[in-house]
Amino acid sequence: MPQELDYLKETPSQTAGPYVHIGLAPGAAGFDIYRQELGHDIAGPNAAGDRIRVEGIVIDGTGSPVKDVLLEVWQANAAGIYAHPEHPGEVEDGFRGWGRVITDFETGEWAFETIKPGPVMGRDGRMMAPHINLWIVARGINLGLNTRLYFEDEADANARDPVMNLIEWERRRKTLIATRSDSGGQQVYRFDIRLQGEDETVFFDI
Amino acid sequence: MPKPGKFYQRDREWHPPALTRDYKTSVTRAPQYSPISLENSASELTGPVFGQNDIDPIDNDLIRNYAQPGEMPIGERIIVHGKVLDENARPVPNTLVEVWQANAGGRYRHKKDTYIAPIDPNFGGCGRTMTDDDGYYYFRTVKPGAYPWRNWINSWRPGHIHISVFGTGFAQRLITQLYFEGDPLIAKCPIVNTIPDPRAIEQLTARLDLNASIPLDTIAYKFDIVLRGRRSTLFENRLEGN
Ligand SMILES: [Fe+3]
């Protein structure tokens with residue numbers, strides 16, 4: 001009798017659907033239920049580093065904004081440390097590095113405030129440029145999409161970034177770079193995500 | 001004990017593909033290029049950590065967490081319980097599980113839901129809990145009703161509960177849906193049928209669990225959730241940022 005491998009199979013994904021807000025951001029669905037909703041404060045009040053605003057829109061294959069999308073943010077602090085027990089180093093009290101972002105139901109615009117992450121040590125001791133990990137779910141998306149946001153004003157670090165350099169097509173790399181456009185003394189980065197078409201955003205199978 | 005390493009590669013033939021024509025909304029939202037495969041770095045091996053102080057004990061009781069004092073939502077009272085495991089069948093302890101669902105009439109408490117079935121004044125439709133040290137979780141709720149949706153002209157979703165799970169790393173993040181054993185709408189649903197392998201659909205079908213039911217009170221369904229497993233780094237001692 002042959003040996004059997006007894007691994008389980010990962011539970012298959014299903015779309016988050018149009019009413020994802022009920023579960024993950026009930027205030028946006030139109031009601032108040034929890035003492036606190038999770039994911040509103042990404043960096044916390046004590047985080048060191050530059051305070052930034054990131055804004056954008058998710059665009060579908062017809063060129064229209066996706067108005068029912070939900071994004072999750074995962075990032076390191078300004079010293080490049082993730083708030084996780086397996087990552088060596090300390091983060092500031094109250095820094096979680098994770099957040100939830102929903103769109104305006106009318107326009108599809110979304111935005112969040114955080115601190116700019118520092119470079120993070122990557123595989124094989126190769127430093128990764130500052131980046132924010134994004135996970136995108138919505139109606140019509142069968143398995144959440146992973147991408148990364150890099151910063152326009154980190155051109156040298158971006159050029160050396162091992163993940164950026166995995167992207168064979170140089171012209172696709174720019175889909176991961178948020179453009180800086182400061183306003184009112186605030187650092188603002190714009191990051192539009194295109195699900196299809198010319199300049200489709202690079203998504204990762206992580 | 002070997003140090004936990006990278007996550008097993010996700011089996012993309014077990015998950016639904018991005019483009020599934022019979023689920024029409026996917027057509028304009030499915031990326032057309034293949035995703036680029038990334039070996040895990042710290043950015044994927046780590047993920048948010050939650051604690052009991054993020055949530056309240058009542059959050060996992062959908063029968064009580066939105067009801068007026070002394071009132072209850074209408075519908076079949078059910079318990080949904082199970083374990084969060086990884087592909088090595090190890091429990092995933094202290095991880096956040098969130099759920100949302102329609103009420104017993106198939107109506108969501110959402111400003112975008114316009115289905116004719118009534119809102120239940122005593123039902124919010126969301127809950128959350130942390131798995132315990134053995135990976136165990138449970139919710140109490142009412143069984144969600146089927147509802148129509150605009151795909152084909154006569155498309156109905158089987159009763160389902162949406163479930164969101166974190167795991168220990170961002171690469172384990174998962175949203176899925178739980179269906180109920182015996183529902184004839186499962187086989188007809190274009191969203192269910194985005195999943196190519198019938199065994200994977202079975203994995204999303206909660207089993208009636210009379211042993212866990214409370215006699216004369218509440219029916220139970222069992223639903224285990226499996227997240228990606230992790231390699232044991234038996235032969236790796238390089239520090240790779242994890
Ligand atoms: Fe639903």
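Let's start at Lys67(A), which counts as partly exposed because its relative accessibility is 36% (buried is under 20% relative accessible area, exposed over 50%, partly exposed in between, with a 1.4 Å probe and protein chains only). This is a predicted model, in which local features need pLDDT of at least 70 and side-chain atom pairs count only at pLDDT 80 or more, while totals for chains, interfaces and linings use all residues. Residues are numbered from 1 along each chain as its sequence is written, chains are lettered from A and ligands numbered from 1 in the order in which they are written, and side-chain values use heavy atoms, with hydrogens and water left out.

**Around Lys67(A)**

- Lys67(A) sits in the loop that links strand 1 (51–59) and strand 2 of chain A; strands (E, at least two residues) are DSSP runs, numbered from the N terminus.
- Leaving aside residues up to four places away in sequence, Lys67(A) touches Thr103(A), Asp104(A), Phe105(A), Glu106(A), Thr107(A) and Gly108(A), where contact means heavy atoms within 4.5 Å.
- Between the C-alpha atoms of Lys67(A) and Gly108(A) there are 4.2 Å, although these residues are 41 residues apart along the chain.

**Strand 7 of chain A**

- Strand 7 (residues 131–137) of chain A has seven of its seven residues buried, so the rest of the structure largely encloses it.
- On one side of this strand, His131(A), Asn133(A), Trp135(A) and Val137(A) are buried, and on the other so are Ile132(A), Leu134(A) and Ile136(A).
- Strand 2 (residues 70–75) of chain A runs antiparallel to strand 7 of chain A and is joined to it by six bridges; two strands pair if DSSP finds at least two bridges between them.
- Within strand 7 of chain A, Ile136(A) is the bridge partner of Leu71(A).
- Strand 8 (residues 145–151) of chain A also pairs with strand 7 of chain A, in the antiparallel sense over six bridges, and here Arg148(A) stands opposite Asn133(A).

**The iron site in chain B**

- Which residues coordinate the iron ion? They are Tyr108(B) (OH), Tyr147(B) (OH), His160(B) (NE2) and His162(B) (NE2), at 1.9 to 2.2 Å.
- Tyr108(B) lies in the loop between strand 4 (96–101) and strand 5 (126–130) of chain B and His160(B) in strand 9 (residues 160–165) of chain B, so this pair ties together parts that are 52 residues apart in sequence.
- Donors are N, O and S atoms within 2.8 Å of the metal (3.2 Å for Na, K and Ca), and sites may look incomplete, since water is not among the atoms.
- Tyr108(B) counts as buried because its relative accessibility is 1%, and His160(B) counts as buried at 1% as well.

**Strand 5 of chain B**

- Five of the five residues of strand 5 of chain B are buried: Cys126(B), Arg128(B) and Met130(B) on one side, Gly127(B) and Thr129(B) on the other.
- Strand 4 of chain B pairs with strand 5 of chain B in the antiparallel sense over five bridges, with Trp100(B) opposite Cys126(B).

**Where the chains meet**

- The contact involves 93 residues from chain B and 80 residues from chain A.
- Between them, chain B and chain A bury about 7,800 Å², with 56% of it on carbon and sulfur atoms; buried area is the accessible area (1.4 Å probe) that two parts lose on being put together, summed over both.
- Arg29(B), Ile36(B) and Phe170(B) supply 11% of the area that chain B buries against chain A, more than any other three residues.
- There are 11 salt bridges between chain B and chain A, each a side-chain nitrogen of Lys or Arg within 4 Å of a carboxyl oxygen of Asp or Glu.
- Asp54(B) and Arg96(A) meet through their side chains in a salt bridge (2.6 Å, N to O).

Terms used. Helix = DSSP H or I, 4+ residues; strand = E, 2+ residues; numbered from the N terminus.
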